[in-house]
Protein chains: 2
Amino acid sequence: MDVSCCPSLTEQRVPAEAAAVLAPAFKALGDPVRLQLMSMIASAESGEICVCDLTPAFDLTGPTISHHLRTLREAGLVDAERRGTWVYYRARPALLGQLAALLTVAPEVNA
Amino acid sequence: MDVSCCPSLTEQRVPAEAAAVLAPAFKALGDPVRLQLMSMIASAESGEICVCDLTPAFDLTGPTISHHLRTLREAGLVDAERRGTWVYYRARPALLGQLAALLTVAPEVNA
DNA sequence: AGACTGTCTTGACGTCTGTCGAAACAGACA
DNA sequence: TGTCTGTTTCGACAGACGTCAAGACAGTCT
């Protein structure tokens, strides 16, 4: 399912099918906790981060963090992998880049 | 309130205050109808578009479209202005650009 | 094997969201 | 001034969402 990846929001109307695919990703980012989780995962130096490093960063219970992580996972924004005792999360740059491209205000279009 | 505007998600963790400001904007974009509305507004040739052109593009009642437009307005993504009989909506590129910057996957960082 | 730790799933609860119909408001035209 | 069209607000309803406590599952260590 390859939604049109490149044109910016400001260039042409987003087709309904693309909107249906992309909107859930924006929605997943639409919670302050998930936005921070996403950035913690995406900015992890080793490319991945342990849930055990994520959970204590918030005043929320483990299950709640787990729930948010699942939302991010289902939106296609992150990937999870269990390795021994801990579960590691990694960002999926592709979709992130697609969202960014969509939002990018035409770089050279005020000409 | 000027949230840190430039660093990407992938560069450093989004601070809680920034997340609190930015997440509502993502949330506003997190509905297929609003995403399409946003793109129709942002891609309007004259820079603005009449509600009367927006409403018939969806299988939804006027009040529902109005509700979504209000959400976009309250998120700071669009501006409305009444001129005579019709109301015109215009995009606010600043916030859009901020969101794009946040999402942009480090352009030259695979070096 | 048994106990322990870390993570996820389930079930529940109150709140928010998307939608509509009906009504209110703003401006134009006769 | 009165009526008509376009837009928003109000009230209501079903469904989704964020959160937690309790329980289930996975893996490790003794």
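Trainee: Is Cys50(B) buried or exposed?

Mentor: Cys50(B) is buried, with a relative accessible area of 4%. Buried means under 20% relative accessible area, exposed over 50%, and partly exposed in between, with a 1.4 Å probe and protein chains only. Please note that this is a predicted model, in which local features need pLDDT of at least 70, side-chain atom pairs count only at pLDDT 80 or more, and totals for chains, interfaces and linings use all residues. Residues are numbered from 1 along each chain as its sequence is written, chains are lettered from A and ligands numbered from 1 in the order in which they are written, and side-chain values use heavy atoms, without hydrogens and water.

Trainee: What joins Cys50(B) to Cys52(B)?

Mentor: A disulfide, with an S to S distance of 2.3 Å; the term denotes a pair of cysteine sulfur atoms within 2.5 Å. The link is right-handed, with 125 degrees about the S-S bond. Cys52(B) is partly exposed, at 36% relative accessibility.

Trainee: And what about Cys50(A) and Cys52(A)?

Mentor: They also form a disulfide, with sulfur atoms 2.3 Å apart, and the link is right-handed at 130 degrees about the S-S bond. Cys50(A) is buried at 5%, whereas Cys52(A) is partly exposed at 38%.

Trainee: How many disulfides are there over all chains?

Mentor: The count comes to 2.

Trainee: Changing topic, by what turn can chain A be laid on chain B?

Mentor: A turn of 180 degrees, with a shift of 0.0 Å along the axis, gives an RMSD of 0.0 Å; the superposition is by least squares on C-alpha atoms of residues with pLDDT of at least 70 in both copies. The two copies are therefore related as by a two-fold rotation axis.
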